[in-house]
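This report goes through a single protein chain with the sequence and coordinates at hand.

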Amino acid sequence: MNDQLLLVLDAGTTSTRAIAFTLAGDIAASAARPITQYYPASGWVEHDASEILAQSRACLEEVANEVGAARIAAIGITNQRETVVFWDRASGEPLARAIVWQDRRTAAMCAELKSHEAMVQARTGLLLDPYFSGTKIRWAIDNWPMVGDAARDGRLAVGTVESWLIWHLSGGAAHVTDATNASRTLLMNLTTSAWDAELLDLFGVPAAALPAIVDCAGALATTVIAGRTIPITGAAGDQQAAAIGQGCLSPGMLKATYGTGCFLLAHAGDTPPVSHNRLLSTVAWRLDGRCAYALEGAIFVAGSAIQWLRDGLGIIASSAESETLAQSVPDSGGVSFVPALAGLGAPHWAPDARGLICGLSGGTTRAHIVRAALEAQGQQTADLVDALAADGVAAAVLRVDGGMVANDWLCQDLADTLGVVVERPRVIETTAMGAAMLAGVGAGLFADLPAAAAAMAAAGRQFHPATDAATRQERRSAWQAAIARVIG
Ligand code: ADP
């Protein structure tokens, strides 16, 4: 029996984790450490890159020592996307704090550049929003003298979190970024998956500071963990890794992660899709120099609506109680709940919108409101799926993960609302699983991603649509009327 393991580093926003997978997709060991969040001003979010590195190394060492480093065939890395790190090529030391994806400090810069948005979208698949890395890099060069000076002296190295980690894990030998992470910077041309000179010019980013864009699998670097030299053979941003871990490997396959918010990624084939519905077009993975593409949309408020019912309204004692309450009534009793508690994400893009509960009557109980809050997840997903369809990607199957999908009722309602089969995987750690699959392919343990998925990503439970089209349409119409009131 092959007892080799694939070790994944999942460098997330609030914690960093290492997980060792068997080649059959089982978790052999894991470790996690927290990451400090810094909020130096309103809308600003920063990380200490040295802490990310130290905590990541500690997790890798801990797991390697637990399972025996000799069993580890390869390492895969996945990470919070868009966060940028600035460091000195000579010393390897960070020159400033990392600017985190959530950071809004470049909102004014994005507004100033708005006239370039059509060109930027055509080349990168992205919109001009502070979320992406490009304006963050410009801001640091302009406002942090340590970064600006290093840029002028040619000492500046810039990269997203996986790039920073690979640089240090390889002892400074590799300054690389995988194409999925590069596709979130506003600096990469989606068609060529190379840095785009005109975009570098527009955002004022020196090419010399940037990493080389590489495949998501292959001999990316080598590192020493627990005294052994181990190759790093896989890398991808977290949402792309989750889609891979969910086995979304062909057009029309979708994955949605229902946590605090919800991220949906749809495989869109091997040419860059163009969204006319304000979805993001992005790299799903790059292997052997060739990209697969995805359309992506984010829902800002998913699980946090349930948290609000618990902590804000106090009408449920636990998130799990939402399931029993939703089941206790035959329908929402005419109640619609648009959970725009933090604005509306794709495809509406209404950051200033606020929530609405409507259709109340004397007969409304907390069960109806809770049910409407869960139904809103299906409706928000349906809004994205409709936008995808309008952009030419017809949903075949929806694979789900994240904390909310422990709720069986929710999974069934998603199937009913969307009219597609919803699948929940056996191992819920899909992000780490995707990085493990890439590492396995990169190390030559699997011929390709389908082979890796067949070996590692076992199916869990399926939920089949059980409502008729008329009921589905009636509920869609009620939701669309409520959305119109929120946006109107
Ligand atoms: P994140 O990774 O964004 O922190 P998680 O994936 O851990 O989030 O999911 C946590 C969210 O899922 C919380 O907002 C919580 O309210 C919600 N949640 C957890 N269990 C359930 C459940 N059984 N039904 C509905 N929502 C749930």
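This is a predicted model: local features need pLDDT of at least 70, side-chain atom pairs count only at pLDDT 80 or more; totals for chains, interfaces and linings use all residues.

**Salt bridges**

The model has 33 salt bridges.

| Pair | N to O separation |
|---|---|
| Arg-155 and Asp-88 | 2.8 Å |
| Arg-184 and Glu-296 | 3.0 Å |
| Glu-117 and Lys-114 | 3.1 Å |

Arg-155 forms its salt bridge with Asp-88. Arg-155 is in the loop between helix 5 (145-153) and strand 8 (156-160), while Asp-88 belongs to strand 6 (residues 84-88), so the bridge ties together parts that are 67 residues apart in sequence. Arg-155 counts as partly exposed because its relative accessibility is 28%, and Asp-88 counts as buried because its value is 10%.

The side chains of Arg-184 and Glu-296 meet in a salt bridge. This pair links distant parts of the chain, 112 residues apart: Arg-184 sits in the loop between helix 7 (179-182) and strand 10 (188-189), and Glu-296 sits in strand 18. Both Arg-184 and Glu-296 are buried. Salt bridges with shared partners join Arg-184 and Glu-296 with Arg-81, Glu-82 and Asp-238 into one network.

In the pair of Glu-117 and Lys-114, Glu-117 is buried at a relative accessible area of 11%, whereas Lys-114 is partly exposed at 41%.

**The second largest pocket**

The second largest pocket has a volume of about 380 Å³. Its lining consists of 19 residues, and those closest to the pocket centre are Trp-285, Leu-287, Asp-288, Arg-290 and Cys-291. By type, the lining divides into ten nonpolar, five polar and four charged residues.

Which elements each supply at least two residues of this lining? They are strand 13 (217-225), strand 17 (280-287), strand 18 (290-299), helix 14 (430-442) and helix 15 (449-456). Strand 18 gives the most, with four residues.

Asp-288 lies in the loop between strand 17 and strand 18. Asp-288 is exposed, with a relative accessible area of 66%. Its phi is near 50 degrees, a positive value in a residue other than glycine.

**Backbone details**

Most residues other than glycine have a negative phi, and most peptide bonds are trans. Glu-82 is in the loop between strand 5 (72-79) and strand 6. With a relative accessible area of 2%, Glu-82 is buried; the residue also takes part in the salt-bridge network of Arg-184 and Glu-296.

The peptide bond from Ala-346 to Pro-347 is cis, with omega near -5 degrees. Pro-347 is in the loop between strand 19 and strand 20.

**Surface patch and a contact in the fold**

The loop between strand 19 (336-338) and strand 20 (356-358) also contains Leu-341. Leu-341 is partly exposed at 32% relative accessibility. Together with Trp-308 and Leu-313, Leu-341 forms a nonpolar patch on the surface, with about 230 Å² of accessible area in total.

Thr-124 lies in helix 3 (residues 117-124). Thr-124 is buried, with a relative accessible area of 0%. Thr-124 and Ser-183 are separated by 59 residues in sequence, and their C-alpha atoms are 6.9 Å apart in space.

Technical notes. Residues are numbered from 1 along each chain as its sequence is written. Side-chain values use heavy atoms; hydrogens and water are left out. Patches are made of residues with over 30% relative accessible area and no salt bridge: like charges are joined within 9 Å, nonpolar side chains (Val, Leu, Ile, Met, Phe, Trp, Tyr) within 5 Å. Accessible areas come from the Shrake-Rupley method with a 1.4 Å probe; for residues, only the protein chains shown count as cover. A salt bridge is a side-chain nitrogen of Lys or Arg within 4 Å of a carboxyl oxygen of Asp or Glu. Buried means under 20% relative accessible area, exposed over 50%, partly exposed in between (1.4 Å probe, protein chains only). On a 1 Å grid over the protein atoms alone, a cavity is a set of points where a 1.4 Å probe fits but cannot get out, and a pocket is an open set with protein on both sides within 12 Å along at least five of seven lines; lining residues have an atom within 4 Å of a point. Grid points are joined across faces, edges and corners, and a volume is the space filled by probe spheres set on the points. Ala, Val, Leu, Ile, Met, Phe, Trp, Tyr, Cys and Pro count as nonpolar, Asp, Glu, Lys and Arg as charged, and the others, Gly among them, as polar.
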